[in-house]
Amino acid sequence: MLFNSFEFLIFFPVMIIGFYSLNHKYRWLWLLLGSYFFYIAHEPELIILLIVSTLVDYFCGIKMHEAKKASIKKRYLILSIITNIGILFVFKYLFFFTNNIEWVLDFFGSDVLTKQEANSYNFNQILLPVGISFYTFQTMSYSIEIYRGVIKPERHMGKFALYVSFFPQLVAGPVERASRLLPQLKSETTINVNNIKKGIIMMAWGFFLKLVVADRLGLYVDEAFRTPDSPHSLSLILGSLFFCFQIYYDFSAYTSIAIGAAKTMGYDLIQNFNRPIFSTSFEEFWKRWHISFTTWLRDFIYKPLIRNARYPRLIAVVIVFFINGLWHGANWTFVIWSLLNAFILVVEISTKQFRHKVFNTLKLSKRIRGFLGWLTVLGLMTITLVFFRSPNIHQALVYLEHMFSFQGSLHINILGNAFELFLCLVLIFIVQIIYYYKGNRKVYELFTKQTRIAKYSMCFAYIFVIVLFAINRQNSFIYFQF
């Protein structure tokens, strides 16, 4: 079920009314059934994968806690990881790996499968379950933290199942830790008008970001990437720049709706962004972007790699970013995008002291350094995200070649609608101003701190903007495919 669908506009009020109407001890069941319905409404047959992942990790968690020997404990951890990675591999990466293995074998003149036999497997027909990368990584974090002794296993199977499938963050995160979300799901919540107001405002903000801003930018981005060999370099540069903002607003929109939906029930989800577009270095950017996932990579992959100096820090960064790229999709474009970010980050870390000396020699102020850093981050993002957005490496290279040819006129109105282009620029400016002063976390203060007349005016203006400027395409969120 999409957040930006008519079905959700019916589903969500029913869930809230039912939640507060029931006694506390039955609310977990209501939310669990609602969460499963939320998932089934999109992919009914693939709910079995969610259930399998839940049951395996529930069982492994208890067995690890009860195990007397470290070797037995480790076996159950391996079972949990193999199950989750196995599900992820079969449904997300099987076709990708078989395709690449087949290419390598063909390159060396070895045909293991005939074309007819290869087609009979229909690997490319395997349906990618939405949210699979999110809930498998969330359940793995639960198992790893039990193995490390950070948390104790949840004995109530139903409440653990709710932790895995909680509908606001099931499909595209944030990736919540059990130590943070499970205690909230077990605690008793009462009707809190302030929480409900904040939640609804955050949801409204998310719908605005998605329907009015991100999807509008998507019109221009789609057109730019549809013609990567365009003779107008400036339109390609603007298309990639708009994609930087589109993917941020689109993902931020989902997170805002998820956080808002949970907030109306008294639950606090982790904030997934901290004004990443204002970052003045790539190191800062990756600390502010997709926070729940980057901290997952840090805690469960990066830190174990550098522990006891097993791997040099820079090599560990490259390994983590390779995994980050694969996590985003079974395509080399995502891997290249992520490894380019790793390369930039490695160069940035390696030259930190040298750059500091140069800036001191040139006597550049802190503000100028910050501005130059921000400009560099935004510029490099505009380049690297071409691989993220392109369907294959060839088209990405064609796009970059024509983008840097600096040929053609100053033609940027590729949609043939100057007002739409102007509106895109204005909306980016408005959203960035709001994020600059309020951040991703406190957008609701734009409404709650106003006078009553101002609040009524803002409500009217919001409805007017949604009706007049929303893009009615019911696009799925970009991160649904991951």
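Start with helix H9, which gives the most to the lining of the largest pocket, 9 residues. This is a predicted model, where local features need pLDDT of at least 70, side-chain atom pairs count only at pLDDT 80 or more, and totals for chains, interfaces and linings use all residues. Residues are numbered from 1 along each chain as its sequence is written, and side-chain values use heavy atoms, with hydrogens and water left out.

**Stop 1: the largest pocket**

Select 193-226 to see H9. Helices are DSSP runs (H or I, at least four residues), numbered from the N terminus.

How much space lies in the largest pocket? About 780 Å³. Of the 24 residues that line this pocket, Ile201, Ala204, Phe447, Met458 and Tyr462 are the closest to its centre. A pocket is an open set of points on a 1 Å grid over the protein atoms alone, with protein on both sides within 12 Å along at least five of seven lines; a cavity is a set where a 1.4 Å probe fits but cannot get out; lining residues have an atom within 4 Å of a point. Grid points are joined across faces, edges and corners, and a volume is the space filled by probe spheres set on the points.

Colour the pocket lining by class: 19 nonpolar, 2 polar and 3 charged residues. Ala, Val, Leu, Ile, Met, Phe, Trp, Tyr, Cys and Pro count as nonpolar, Asp, Glu, Lys and Arg as charged, and the others, Gly among them, as polar.

**Stop 2: the cavities**

Rolling a probe the size of a water molecule over the atoms shows where empty space is left. There are 2 cavities of 30 Å³ or more.

The largest cavity has a volume of about 110 Å³. Select its lining, including Trp286, Trp289, Trp337 and Tyr479. Show H16 (366-389) next. H16 gives the largest share of this lining, 4 residues. The lining has 10 nonpolar, 2 polar and no charged residues.

Move to the second largest cavity, about 30 Å³ in volume. Phe134, Tyr135 and Gln138 are among its lining residues. Which helix gives the most to this lining? Helix H6 (residues 132-147), with 3 residues. By class, the lining has 6 nonpolar, 3 polar and no charged residues.

**Stop 3: between the domains**

Colour domain 1 (6-188) and domain 2 (195-481) separately; the bounds come from an automatic or database domain assignment. The contact (heavy atoms within 4.5 Å) takes 38 residues from domain 1 and 35 residues from domain 2. Their C-alpha centres lie 26 Å apart.

The area buried between the domains is about 3,300 Å², and carbon and sulfur atoms give 68% of it. Buried area is the accessible area (1.4 Å probe) that two parts lose on being put together, summed over both.

Finish with a salt bridge (a side-chain nitrogen of Lys or Arg within 4 Å of a carboxyl oxygen of Asp or Glu). The count between domain 1 and domain 2 is 1. Select Arg177 and Asp299: their side chains meet in a salt bridge, at 3.0 Å from N to O.

Terms used: Helices (H or I, at least four residues) and strands (E, at least two) are DSSP runs, numbered from the N terminus.
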